[in-house]
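Colleague: I am new to this model and would like a close look at one part of it. Please begin with the whole and then turn to that part.

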Amino acid sequence: MRSELTMAERIQICRHHEGGRITNKALSLWASEKMGKPISEMMISRTLIRKIEFLGSDVGSNRKHYEKPECPNLESISYSWFLTMQEANVTISDAMLIAKAKMLSNSVPRESAKEFKFSNGWLQGFKSRHGISSKQASMSLEFLHQ
């Protein structure tokens, strides 16, 4: 029986690997015991190949796949803004998030020549990649300029 790893499990494996020099076999045994399911050396190897990607992601812990953003720079800046607003206990609506991302896109170098669309699909992907719930709230637009 083949078992899949969640993103949280992959991140945990990558972090444990950073703790020191450990073989894939030893890491496989550790992970199998820790996670209560068989984890092969091949699964460990494939996880460690993408280590930078997994450790750099802020995805929901139950996700099994990581969907790469189309514009990583914009994604990073938008998420940083979102976290800043969250720390200030400001609830962000979907419309506010899209509006702020549009504003931020003007200051971020384009990764591709094509026009970027801030569609509902982009919004749902952004929220999914970062584990953001779908709460709606009406807030003053003054927060967009922070």
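Of the 146 residues of the protein, what percentage counts as buried? And within helix H1 (residues 7-18), which residues are buried, and how far apart are the end C-alpha atoms?

Modeller: This is a predicted model, in which local features need pLDDT of at least 70 and side-chain atom pairs count only at pLDDT 80 or more, while totals for chains, interfaces and linings use all residues. Residues are numbered from 1 along each chain as its sequence is written, and side-chain values use heavy atoms, with hydrogens and water left out.

Of the 146 residues, 40% count as buried (under 20% relative accessible area; exposed is over 50%, partly exposed in between; 1.4 Å probe, protein chains only). The protein has 7 helices and 0 strands (DSSP runs, H or I of at least four residues for helices, E of at least two for strands, numbered from the N terminus). Its pattern along the sequence is α-α-α-α-α-α-α.

Now to H1. Its 12 residues, 7-18, should span 16 Å at 1.5 Å a residue, and the end C-alpha atoms are 17 Å apart, which agrees (the expected span is 1.5 Å times one less than the number of residues). Buried in H1 are Met 7, Glu 9, Arg 10, Ile 11, Ile 13 and Cys 14.

One of these, Glu 9, has a relative accessible area of 14%. Its side chain meets that of Lys 37 in a salt bridge, 2.9 Å from N to O (a side-chain nitrogen of Lys or Arg within 4 Å of a carboxyl oxygen of Asp or Glu). Lys 37 sits in the loop between helix H2 (24-35) and helix H3 (41-49), so its pairing with Glu 9 of H1 ties together parts that are 28 residues apart in sequence.

The structure holds 2 salt bridges. Besides the one at Glu 9, Asp 94 pairs with Lys 127, with the closest N and O atoms 2.7 Å apart. Asp 94 belongs to helix H6 and Lys 127 to helix H7, so this pair links parts 33 residues apart in sequence. Both Asp 94 and Lys 127 are buried.

H1 also packs against H2, at an angle of about 135° and with the axes 11 Å apart (lines fitted to C-alpha atoms over the stretch in contact, angles from 0 to 180 degrees between N-to-C directions). H1 and H2 are therefore oblique to each other (under 35 degrees is roughly parallel, over 145 roughly antiparallel, 65 to 115 roughly perpendicular, the rest oblique).
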